[in-house]
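Dear colleague,

Please find below the sequence and structure that I am handing over to you. My findings come directly after them.

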Amino acid sequence: MSSMDLPACINAKLDRYFEQLDGEQASGVHKMVTNEVEPIVIKFVLDRVNHNQSEASRILGINRGTLKKKIELYKL
């Protein structure tokens, strides 16, 4: 897997999103992308460490309280 795979995927999705707007103005793109990507990354890391939240928060670079809030937010 090359380092361009994820950026290429995101760019393709964003291209599709903007094409589907059909002239409408875009808004909230950052939040839209974050809400789609963040839960995938968090779940992947949690699964990788057998749901050890302390280890997951260390790997993700966020504090445990923030991780707990995100787990609840995304119902992981």
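This is a predicted model: local features need pLDDT of at least 70, side-chain atom pairs count only at pLDDT 80 or more; totals for chains, interfaces and linings use all residues.

Residues are numbered from 1 along each chain as its sequence is written, and side-chain values use heavy atoms, with hydrogens and water left out.

Helix packing. Helices α2 (residues 29-48) and α3 (residues 53-60) pack with their axes 9 Å apart, at an angle of about 130 degrees. Helices here are DSSP runs of H or I with at least four residues, numbered from the N terminus; axes are lines fitted to C-alpha atoms over the stretch in contact, and angles run from 0 to 180 degrees between N-to-C directions. The angle makes α2 oblique to α3 (under 35 degrees is roughly parallel, over 145 roughly antiparallel, 65 to 115 roughly perpendicular, and the rest oblique). From α2, Val 41, Ile 42, Val 45 and Leu 46 meet Gln 53, Ala 56, Ile 59 and Leu 60 of α3, contact meaning heavy atoms within 4.5 Å.

Helix α4. Leu 67 lies in helix α4 (residues 64-74) and is buried, at 0% relative accessibility (buried is under 20% relative accessible area, exposed over 50%, partly exposed in between, with a 1.4 Å probe and protein chains only). Not counting residues up to four places away in sequence, Leu 67 touches Ile 42, Leu 46, Gln 53, Ala 56, Ser 57, Leu 60 and Ile 62. Lys 70 is also in α4, and its side chain joins that of Glu 38 through a polar contact of 2.9 Å. A polar contact is a pair of N or O atoms within 3.5 Å; within protein, one must be able to donate a hydrogen and the other to accept it, and residues adjacent in sequence count only if both atoms are side-chain atoms.

Loop positions. Asp 22, although not a glycine, has a positive phi of about 50 degrees; Asp 22 sits in the loop between α1 (5-20) and α2 and is exposed at 69%. His 51 likewise has a positive phi, near 65 degrees, and belongs to the loop between α2 and α3.

Aromatic pair. The structure holds one such pair: Tyr 17 and Phe 18 are edge-to-face, 5.3 Å centre to centre with 85 degrees between the planes. Rings of Phe, Tyr and Trp (its six-membered ring) pair if their centres lie within 6.5 Å, with planes under 30 degrees apart counted as stacked, over 60 as edge-to-face and the rest as tilted.

With kind regards

Methods: Helices (H or I, at least four residues) and strands (E, at least two) are DSSP runs, numbered from the N terminus.
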